[in-house]
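Notebook open, model loaded. I'm jotting down what I look up as I go.

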Amino acid sequence: MKILVLLGGTSFERDVSLASGEAIVDALKKAGHEVIPVDTAKGKKLLSSSTQFLPEGVKQKPPDVKSLQRIRKELTLKTIESFDLKEADVIFLALHGAPGEDGTIQALLDMTGKPYTGSGMLGSALAMNKAMAKKIFEYEGILTPKWLLLESSNLTDIAEIEDEIEKKLGFPCVVKPNDQGSTVGFSLVEEMKDLKEAFEKVKKFTGQILIEEYISGRELTVGILDDKPLPVIEIIPEHGIYDYECKYTKGKSGYICPAKLSKEKTEEIQKIGLKAFKALGCQDYGRVDFRYSEDEKFLCLEVNSLPGMTVTSLVPKAAKAIGIEFPELVDRIVNLALKKKK
Ligand SMILES: Nc1ncnc2c1ncn2[C@@H]1O[C@H](COP(=O)(O)OP(=O)(O)OP(=O)(O)O)[C@@H](O)[C@H]1O
Ligand SMILES: [Mg+2]
């Protein structure tokens, strides 16, 4: 097949996407497909035939994408317009963050009628917006940490905000962007006096701030493939929080798959994971992140509609645990995209 792979992009997760793209392009080529890698941040410029898009790997911090973001809509449109999509049999989305994981590119592709991998416009948009997703979780009876949503532009009455956080969530609490991934802009706030600093940090990444109660306990994730849950993974990040550095630096996190949980608890979290994924209207594959509280409750943090796809990322790890190697995983995701359009 002729497969267009969209990667890179202009979000803070650009490097992660280049790494996912690299692995996906490599696997598709090895499977004998004709692959056209396209960086949506590069307009009409095609990538070289090399499959090394990020030779030094993902760094310890997210890249500075300010200059790219200023022209991001223009760039992305130019990219999409510049390829004869009619020639591609399918489009593989290796993008993370927005635009790409948030439904906007999905909407553009829907207009072309071309099949693409993963969730559609609505599932992607809902999954990217944590507060929207959490409202749906609550409606579905899926536990999620208590939260408050603030506009970055509306932080004037800090005393009132502090008061509300203390009343509704208490301390420690978590401050994070409502609509970003890879833990960018995140702070664990132990005391009220540290809130201001956390707001200053998060504002650089988003217009919408999500504040959550801090859930002490274990870090678990459930991958989904073909609308079925994969084995559960427990993550043991060196920093306690699964932050950017612990996500992408080798040796900074331990991974246990299948996670050490009873059969009943394993089935329970898998069932909740699939329910959360379906509740948002996500399709084909993804990943649902949880905190497992000290009183043994699974609290859903979010659904990732385009999860990391390097060979060692979480969904590939979980798939491998049931004998699905990376090339087969990529192939199955392509086939699911083709099946959906028939
Ligand atoms: N309420 C919370 N209580 C405890 N830890 C939390 C909480 N929210 C987030 N975290 C920590 O921060 C990490 C990132 O949070 P979350 O999954 O919500 O954001 P993300 O940046 O979208 O992640 P991803 O890279 O998976 O897209 C979690 O994996 C967890 O380690
Ligand atoms: Mg997450």
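**Entry 1: a buried serine**

I started with Ser119, which is buried, with a relative accessible area of 1%. For these notes, buried means under 20% relative accessible area, exposed means over 50%, and partly exposed is in between, with a 1.4 Å probe and protein chains only. Ser119 sits in the loop between H4 and helix H5 (121–128). Helices (H or I, at least four residues) and strands (E, at least two) are DSSP runs, numbered from the N terminus. What does the side chain of Ser119 reach? I found the backbone nitrogen of Gln283 at 2.9 Å. I take a polar contact as a pair of N or O atoms within 3.5 Å; within protein, one must be able to donate a hydrogen and the other to accept it, and residues adjacent in sequence count only if both atoms are side-chain atoms.

Ground rules, before I forget: this is a predicted model, where local features need pLDDT of at least 70 and side-chain atom pairs count only at pLDDT 80 or more, while totals for chains, interfaces and linings use all residues. Residues are numbered from 1 along each chain as its sequence is written, chains are lettered from A and ligands numbered from 1 in the order in which they are written, and side-chain values use heavy atoms, with hydrogens and water left out.

**Entry 2: ligand 1**

Next I looked at what surrounds ligand 1. I get 23 residues, and the closest are Lys130, Lys176, Ser182, Thr183 and Glu219. To be near, a residue must have a heavy atom within 4 Å of the molecule or strand.

Then I went through the polar contacts. Lys176 has a polar side-chain atom 2.7 Å from an oxygen atom of ligand 1. From Ser182 a polar backbone atom is 2.7 Å from an oxygen atom of the ligand. Glu302 puts a polar side-chain atom 2.8 Å from a ligand oxygen atom.

How much of ligand 1 does the protein bury? Taken alone the ligand exposes 620 Å², and the protein buries 96% of that. These areas come from the Shrake-Rupley method with a 1.4 Å probe; for residues, only the protein chains shown count as cover.

Strand S5 (173–177), strand S7 (208–213), strand S11 (285–293) and strand S12 (298–304) are the elements that give two or more residues to the shell. By type, I noted eight nonpolar, five polar and ten charged residues in the shell. The classes: Ala, Val, Leu, Ile, Met, Phe, Trp, Tyr, Cys and Pro are nonpolar, Asp, Glu, Lys and Arg are charged, and the others, Gly among them, are polar. Domain 2 (128–142 + 216–323) and domain 3 (147–213) each supply at least three residues of the shell. The domain bounds come from an automatic or database domain assignment.

I checked omega and phi next. The Phe171 to Pro172 peptide bond is cis, with omega near 0 degrees, and Pro172 is in the loop between helix H7 (158–168) and S5. Cys257 to Pro258 is also a cis peptide bond, with omega near -5 degrees. I placed Pro258 in the loop between strand S10 (253–256) and helix H10 (263–279).

Thr183 is in the loop between S5 and strand S6 (187–189). Asp284 has a positive phi too, near 70 degrees. Asp284 lies in the loop between H10 and S11 and is buried at 7% relative accessibility.

I finished at Pro307, in the loop between S12 and helix H11 (314–321). Pro307 counts as buried at 2% relative accessibility. Leu95 is 212 residues away from Pro307 in sequence, but their C-alpha atoms are 9.0 Å apart in space.
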